[in-house]
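Student: I have a structure open and have not looked at it before. Can you walk me through some of the helices and strands?
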Amino acid sequence: MIGIVFDMDGVIYRGNQPIEGSREVIEYLREEGIPFVFLTNNSTRTPSMYRQKLLSMGIDVLAERIVTSGLATRLYMAKHMEPWKIFVIGGDGLHEEMEKLGWGVVSLEECREGKWKEIGHVVVGLDPKLTYEKLKYGTLAIRNGATFIGTNPDTTYPAEEGLYPGAGAIIASLKASTDREPIIIGKPNEPVYEIVREKLGPVDEIWMVGDRLDTDIAFAKRFGMKAIMVLTGVSTLEDVERSGVKPDLVLPSVKELLDHLRVVE
């Protein structure tokens, strides 16, 4: 049996617009009993928030089927890190995941009072409300010895107007100001692979469907998955020709995946 891992931004939807055929693919998998997981490097929402977003597009997926880099970061920290106070540069979803750890999240107001010196972990994801002040206190805390953790390396993400700055762009700023390398949790790294492998259950083969060579396709290649790239997101055919990372299959969109699934079945 195969199991399928879907990236979300640029594969299932772009911004708030569903990509044609995405709902039909998910309905087919459900009808055929093929296990699947949604895996996004975007940490601005929790799985429950993403469930609501998908429902608004007519795609009904349980929150348990959705893995975000924010969720993966929380699970990784709970397993591998000491319970010290956290400073978050990220969206509401990442803040919520870090609050669930129960270690204490230091606010900007508390940083202004000097409590940045108590921060043990600086966790950085995509932050639509990024300010210089957040970067300042993140830099101070990391230089003071705090662990530097990045949810994901994506320098951009696809939206309706084009490509927006991603978490990787924010992480790069902090790398420059601290001379420190972060621990990166999301694709193409191992922490998220362990989570999706567990959620898929006993399968013989895993297909990874994504739109980015540097995260989705590299992730698939690293862990022996079939690498399927769609052209509705970030990477292009020209990128594939220039890259040393080669997908096993390139499709115009997720819609064409149905033909390949029917052959397997």
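**Helix packing and the sheet**

Tutor: This is a predicted model. The axes of helix α6 (residues 132-143) and helix α7 (residues 167-178) come within 10 Å and cross at roughly 50°.

Student: Which residues make the contact?

Tutor: On α6, Leu135, Gly138, Thr139, Ile142 and Arg143; on α7, Ile170, Ser173, Leu174, Ser177 and Thr178. By class, the contact of α6 with α7 has 4 nonpolar, 5 polar and 1 charged residues.

Student: OK, switching to the sheet. What order are the strands in?

Tutor: There are 6 strands in an open sheet, ordered β5-β4-β1-β12-β13-β14, with parallel pairing.

Student: Which strands stand at the edges?

Tutor: β5 (66-68) and β14 (249-251). Each has a single partner strand, so one side of each is left without a neighbour in the sheet. From one strand to the next, the twist averages 25°.

Student: How many bridges do β4 and β5 pair over?

Tutor: Strand β4 (residues 36-40) pairs with β5 over 3 bridges, in the parallel sense. Thr40 has Thr68 in β5 as its bridge partner.

Student: Which helix lies across those two?

Tutor: Helix α3 (residues 69-80) lies across β4 and β5 and runs at about 70° to β5.

Notes
Residues are numbered from 1 along each chain as its sequence is written. This is a predicted model: local features need pLDDT of at least 70, side-chain atom pairs count only at pLDDT 80 or more; totals for chains, interfaces and linings use all residues. Side-chain values use heavy atoms; hydrogens and water are left out. Axes are lines fitted to C-alpha atoms, for helices over the stretch in contact, and angles run from 0 to 180 degrees between N-to-C directions. Helices (H or I, at least four residues) and strands (E, at least two) are DSSP runs, numbered from the N terminus. Contact means heavy atoms within 4.5 Å. Ala, Val, Leu, Ile, Met, Phe, Trp, Tyr, Cys and Pro count as nonpolar, Asp, Glu, Lys and Arg as charged, and the others, Gly among them, as polar. Two strands pair if DSSP finds at least two bridges between them.
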